[in-house]
Amino acid sequence: MTSKLFSLGALSLALLGSSAMAAVAEDQAAKLGQSLTPIGAEQAGNAAGTIPAWTGGLPMDAAAVDDNGFVGDPFPGDQPKFTITAQNYEQYKDNLTPGQIAMLKRYPDTYRLPVYETRRSAAMPAHIYEAAAHNARNAKLVRGGNGLEGFDTAIAFPIPQDGLEVVWNHITRYRGGSARRVIAQATPQVNGSFNLVKFVDEVVYTDSLSDYSPEKHGNVLFYFKQQVTEPSRLAGNVLLVHETLDQVKEPRMAWIYNAGQRRVRRAPQVAYDGPGTAADGLRTSDNLDMFNGAPDRYEWKLIGKKELYIPYNSYRLDSPKHKYDDIIQAGHINQDLTRYELHRVWEVEATLKPGERHIYAKRHFFIDEDTWQAAEIDHYDGRGTLWRVAEAHSQYIYNVQVPLYSMETLYDLVSGRYLVMGMKNEERNPYTYNYKANSNQYTPTALRNSGVR
């Protein structure tokens, strides 16, 4: 296990003298790999038999992988068992989110949920299971829940005790380590017309750097660099982020290189409800990855677990056989390409603290138990009205054992527009795992050299 990732950050937090929330007792931690999966999901199926037991997930050779790294559908013969529509949703409403019901009502003729057999496909490398077992016994929240102590690699709280720990699991979930990706984003107009924005993203965790040292990288969790490559008017603009472990103690550091001005500037707005990159005002900075960043502006309430129809095993939606024109439609993506399954999720409500500011006064999270990925998040405005519905279409990249979002969608119920991000169907070799880098590549000085017009 690579515990050095958070060693210095954890030490500095401990020295602050803040009270730490306790890890679970040994008899609870011992359930991992027994009644619980190695990362904390219920291993058994449900009483109705509609959710099967987890039996280890897909093997690494579950289907063919093409020359560009696209994994084949391991369930090619599956057909929808039924489809949830605006006309029949009442009989399924106990297994739907408020946001899904709102989308069915907003687009009664086109938005639907094709429901397939539930496949608990996710698995992770052995070292992640070992890290989760370590974290169950050692990881603690410090500084009012805004930092971690005793954490190793991924999945801070496999047996969570409250809503904040569940959300930290989403933040610290396993995503394959350092990676580079080429993706597309669109913000369609109400009529479905759109222009693409393309990015090259790099996410590099500090312990994978060639020049890593705790003294040098301190509280930094990972480096994130995002370069716009299309359209030409934005090409060459680059965002650089030093993501910190405790963003209250040391806020995230961000810089933007503007290719037109050939200038590097600090970007404190790249946090919380600051505008998302090239998103036409349709997402906030903390909407990326469904939710990211410091959790300190909200009170987190754990509602419990429930069974929901969520997007899952989205191999068809991610297929290189489909063009972006096949996916992007008026109002929402092409739901005929989607796949929903019944899974257990953790339900958490986030309510804005008194005196804090954010355009979302409440967020309602539904987080998959098998991957700790947020599957659905409903966003409410200051009047308590449901405003935006986030839905993440996930799949399991079995040849490298990485749960991943095929794409994320964020629907604005008021404007009728939406954002879809993370598409890669038309890209060549879109993902590179085990990406190697040096921290000198992620300095403000190096940022200007990244932009090319």
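This is a predicted model: local features need pLDDT of at least 70, side-chain atom pairs count only at pLDDT 80 or more; totals for chains, interfaces and linings use all residues.
Strands here are DSSP runs of E, at least two residues each, numbered from the N terminus.

1. Start with the peptide bond between glutamate 230 and proline 231: it is cis, with omega at about 0 degrees. Proline 231 sits in the loop that runs between strand S7 (220-230) and strand S8 (238-244). As background, most peptide bonds are trans.

2. Next, have a look at the loop between strand S10 (263-266) and strand S11 (298-311), where aspartate 280 is found. Aspartate 280 is not a glycine, yet its phi is positive, at about 55 degrees. Most residues other than glycine have a negative phi.

3. Is aspartate 289 buried or exposed? Its relative accessible area is 14%, so aspartate 289 is buried, the cut-off being under 20%.

4. Serine 285 is another residue of the loop between S10 and S11. Its relative accessibility is 7%, so serine 285 counts as buried. Which residues does serine 285 contact, leaving aside its neighbours within four places in sequence? They are Gln269, Val270, Ala271, Tyr272, Gly274, Pro275, Gly276 and Asn292.

Conventions: Residues are numbered from 1 along each chain as its sequence is written. Side-chain values use heavy atoms; hydrogens and water are left out. Helices (H or I, at least four residues) and strands (E, at least two) are DSSP runs, numbered from the N terminus. Buried means under 20% relative accessible area, exposed over 50%, partly exposed in between (1.4 Å probe, protein chains only). Contact means heavy atoms within 4.5 Å.
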